[in-house]
Structures are given as structure tokens and as C-alpha cells.
Amino acid sequence: MDKAALRRALVEQRLNMPDRLERADLLQRVMRIWLVDRPDTVIGAYWPIKGEFDPLPALHRWKEDGELLDEPQPRRIGLPVVNKQHKTLTFHAWYPGCEMEEDAYGIPKPKDTEVIVPTLLFVPCVGYAAGGYRLGYGGGFYDRTLATLQPRPVTVGLGYTQGFLDDFAPEPHDLPLDGILNDNGVVWPV
């Protein structure tokens with residue numbers, strides 16, 4: 001099966017999962033536990049589309065938890081804004097209730113908020129495989145962005161168990177993620 005057909009099949013499966021909400025709740029829990037001892041104060045994420053897992057509720061709780069520490073820790077969340085000319089992403093501050101607008105692809109993005117540089121980046125996975133490899137939508141935005149970010153943030157893929165690919169062959173330009181979480185827990189590194 002070619003990658004375009006595989007993407008379509010995986011998105012269709014994800015949209016039709018009868019227990020997607022329960023799996024999303026499990027992945028929210030996995031994410032929150034995984035974040036407990038992370039030193040990061042700026043995390044980049046994504047606005048969910050096509051049945052993707054929504055990381056924003058767990059990240060908002062993470063941000064609030066930072067404010068409740070004995071020594072409060074200001075934490076920031078960033079969402080991607082597409083540079084259509086260079087096909088890269090920058091991350092702009094997001095918080096619940098911030099004004100949003102659609103980007104060039106119809107995906108909501110923060111409107112007129114400052115650019116922030118994440119030290120941890122959660123990435124959506126259409127599919128994923130051992131070794132930290134992910135199958136995205138094929139635009140290469142994350143790979144190009146990661147090639148330019150200095151220092152490179154820790155990258156963690158998020159997806160449902162349904163998206164695991166046991167026979168995925170990465171291409172030479174594919175950059176492995178540092179970690180992958182799904183609704184069962186930590187998939188990579190094992």
C-alpha cells in the first residue's frame with residue numbers, strides 16, 4: 001500500500017473508532033503522568049484535526065499545575081502557525097479563550113500572540129512505528145521545522161493504538177521522534 005492510501009485508511013479508521021472518546025481519556029491520563037517530572041516550561045502542540053487526539057486539555061492542566069507549585073512556575077503552550085512559503089511552522093502562544101483564526105489550510109491558529117520556542121514538542125501521528133518513526137500527512141512541515149529549530153526540542157508523538165504500524169519502513173529523510181505515547185502508555189522508547 002502506498003503512503004497516501006495508508007494515510008487515508010488510517011484517518012478513516014481513526015474517525016470510525018467506536019471507543020475514540022474513551023481512548024482519548026486514557027491518552028490524556030498517560031500524557032499527564034508522563035509530564036509530571038518533565039523540566040520543560042514551554043511546550044508546543046497542535047490543534048487536532050481529522051479525529052486526532054486533542055492534547056490541549058492535558059496541557060492546560062499541566063500549565064495550571066505549574067502555578068500551584070510551592071515555587072510557582074510559569075508555563076507556556078504554543079500552537080503551530082504555518083509559513084506557507086517555506087513550509088515550516090512557528091509556535092505562537094495559546095491559552096484557553098485566546099482569539100483564533102484559520103491558517104492557510106483551514107486549521108485554527110492563535111491570532112496575534114507572541115512567537116515562543118518550545119523545548120518539548122508534541123506531534124500528531126497518523127501512524128507510528130518502532131524506532132520512533134511517525135507517518136504524518138505528507139507535507140513535511142514538522143521535519144523541515146525540526147531541521148531549523150535550535151536547540152532542537154524533544155519530540156513526542158501522540159496517537160491511538162489503532163495507528164501502530166508493524167511494517168513501516170522510514171525513508172532516509174524521516175527523523176525519528178524521541179518518544180511516542182498512545183492510549184496504552186509509552187510506546188517509544190520501550
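**Pockets and buried positions**

Tutor: In this predicted model, helices α2 (20-35) and α3 each contribute at least two residues to the lining of the second largest pocket.

Student: Which element supplies the largest share of the lining of the second largest pocket?

Tutor: The residues that line this pocket are Arg32, Leu35, Val36, Ala58, Arg61, Trp62, Asp65, Leu69 and Arg75, and the space within the pocket comes to about 150 Å³. By class, the lining divides into 5 nonpolar, no polar and 4 charged residues. The largest share, 4 residues, comes from α3.

Student: Which element gives the most to the lining of the largest pocket?

Tutor: The largest pocket holds about 770 Å³ of space, and at least two lining residues are supplied by each of α1 (3-15), β2 (76-83), β7 (120-124), β9 (133-135) and α4 (141-148). With 4 residues, the element that gives the most is α4.

Student: How many charged residues does the lining of the largest pocket have?

Tutor: The lining is made up of 34 residues, and those lying nearest the centre of the pocket are Arg134, Tyr137, Gly139, Phe141 and Tyr142. Divided by class, the lining has 20 nonpolar and 5 polar residues, and the number of charged ones is 9.

Student: Is Glu52 buried or exposed?

Tutor: UniProt, in an unreviewed entry, lists Glu52 under "binding site", and the residue is placed in the loop between β1 (42-44) and α3 (56-67). Beyond its neighbours within four places in sequence, Glu52 is in contact with Arg14, Tyr46, Trp47, Pro124, Tyr137 and Tyr160. Because its relative accessibility is 9%, and the cut-off is under 20%, Glu52 counts as buried.

Student: How far apart in space are Cys125 and Leu59, C-alpha to C-alpha?

Tutor: Cys125 lies in the loop between β7 and β8 (127-129) and is buried, with a relative accessible area of 5%. Leaving aside neighbours within four places in sequence, the contacts of Cys125 are with Arg14, Arg134, Leu135, Gly157, Leu158, Gly159 and Leu177. Leu59 is 66 residues away from Cys125 in sequence, and their C-alpha to C-alpha separation in space is 17 Å.

Student: Is Gln28, which has a relative accessible area of 15%, buried or exposed?

Tutor: Gln28 has its place in helix α2, and, when neighbours within four places in sequence are left aside, this residue is in contact with Phe53, Asp54, Pro55, Pro57 and Ala58. The limit that applies is a relative accessible area under 20%. Because the value for Gln28 is 15%, this residue is buried.

Key:
Residues are numbered from 1 along each chain as its sequence is written. This is a predicted model: local features need pLDDT of at least 70, side-chain atom pairs count only at pLDDT 80 or more; totals for chains, interfaces and linings use all residues. Side-chain values use heavy atoms; hydrogens and water are left out. UniProt positions are given in the numbering used here, feature names are shortened, and annotations may be inferred rather than shown by experiment. Buried means under 20% relative accessible area, exposed over 50%, partly exposed in between (1.4 Å probe, protein chains only). Contact means heavy atoms within 4.5 Å. On a 1 Å grid over the protein atoms alone, a cavity is a set of points where a 1.4 Å probe fits but cannot get out, and a pocket is an open set with protein on both sides within 12 Å along at least five of seven lines; lining residues have an atom within 4 Å of a point. Grid points are joined across faces, edges and corners, and a volume is the space filled by probe spheres set on the points. Ala, Val, Leu, Ile, Met, Phe, Trp, Tyr, Cys and Pro count as nonpolar, Asp, Glu, Lys and Arg as charged, and the others, Gly among them, as polar.
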